[in-house]
Amino acid sequence: MIDDFEPTAKPIVAVTGASRGIGHAIVKRFYDAGWDVLTLARSPFSTVCPWAEGIVRHVETDLSNEMSIRNAAAAIRDRLGDRGLDALVNNAGISPKAEDGGRLTAMQTGEDVFRAVQMVNLIAPLILVQELLTPLARARGSVVNVSSIAATQVHPFAGAAYAVSKAGLSTLTRELACELAPQGVRVNAVSPGEIDTSILSPGADALVQRDVPMGRLGSPQEVADVVVFLASSGASYVNGAEIPINGGQHLA
């Protein structure tokens, strides 16, 4: 066992896709709120992450590879020892584009690409919950899945495979919420819309002005605030919910 956590009452969270954008904002928000943070990402630990001990609490994992996911979960269990896991945030996701950089439609999507997207965006979160259920139940912890507005409506930028994976993740959230509640584990989701990150698609500004009642992009920090709330004791009776974070875009 590699137990690098202080024997204190600080809660512990594991976050996937933690190296940039929304994931990085989620990590920073948890850290600022006094949580111990474990990060999971395909890339090495980011030097811009905000805490000194982060480099030894980072687990490199390829969410497109089942064995890599299971090995990462085993590493987390090893680090936790007898401690519970207070929250798991399934944030990582991929959204492949067409050759011209545009939306990848269903008819343009090959089976290999479709399967790869489902693996990272949908199957990997399920495997992580299965593998980490014991420490989650020990802490009476919570799972927060990051879905998307594309799960419920055709989106001009998000491809078909991505949309299907996020619709599946929203459904998986409900299934797990019902199934795991008797073990004290809550499962909820957030559904971001147009968020100001480095991977924002060209044309997003026009979409925002047309479809978002609040008339602006959201920030990664605004997503992170809701994720941390759902993982906290303030949401202790919230289970099976999906909160849209899109400035009212889902109303259009």
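Student: Where does Thr39 lie?

Tutor: Thr39 sits in strand β2 (residues 36-41). Strands here are DSSP E runs of at least two residues, helices are H or I runs of at least four, and both are numbered from the N terminus. The model is predicted, so local features need pLDDT of at least 70 and side-chain atom pairs count only at pLDDT 80 or more, while totals for chains, interfaces and linings use all residues. Residues are numbered from 1 along each chain as its sequence is written, and side-chain values use heavy atoms, with hydrogens and water left out.

Student: Is Thr39 buried or exposed?

Tutor: Buried means under 20% relative accessible area, exposed means over 50%, and partly exposed is in between, with a 1.4 Å probe and protein chains only. Thr39 has a relative accessible area of 2%, so Thr39 is buried. The C-alpha atoms of Thr39 and Ile76 are separated by 9.8 Å, and these residues are 37 residues apart along the chain.

Student: Which residues make the contact?

Tutor: Contact means heavy atoms within 4.5 Å. Among those taking part are Ile69, Ala73 and Ile76 of α2, and Ile127, Leu128 and Leu132 of α3. By class, the contact of α2 with α3 has 10 nonpolar, no polar and 4 charged residues.

Student: How do α1 and α6 pack?

Tutor: Helix α1 (residues 21-32) and helix α6 (residues 220-231) meet at an angle of about 50°, and their axes are 8 Å apart. That makes α1 oblique to α6. Residues of α1 including Ala25 and Phe30 meet residues of α6 including Val223 and Val227.

Student: What can we say about Thr173?

Tutor: Thr173 is found in helix α4 (residues 160-180) and is buried, with a relative accessible area of 1%. A polar atom of the Thr173 side chain lies 2.8 Å from the backbone oxygen of Leu169. Not counting residues up to four places away in sequence, Thr173 touches Asn145, Val187, Asn188, Ala189 and Ala241.

Methods: Axes are lines fitted to C-alpha atoms, for helices over the stretch in contact, and angles run from 0 to 180 degrees between N-to-C directions. Angles under 35 degrees count as roughly parallel, over 145 as roughly antiparallel, 65 to 115 as roughly perpendicular and the rest as oblique. A polar contact is a pair of N or O atoms within 3.5 Å; within protein, one must be able to donate a hydrogen and the other to accept it, and residues adjacent in sequence count only if both atoms are side-chain atoms. Ala, Val, Leu, Ile, Met, Phe, Trp, Tyr, Cys and Pro count as nonpolar, Asp, Glu, Lys and Arg as charged, and the others, Gly among them, as polar.
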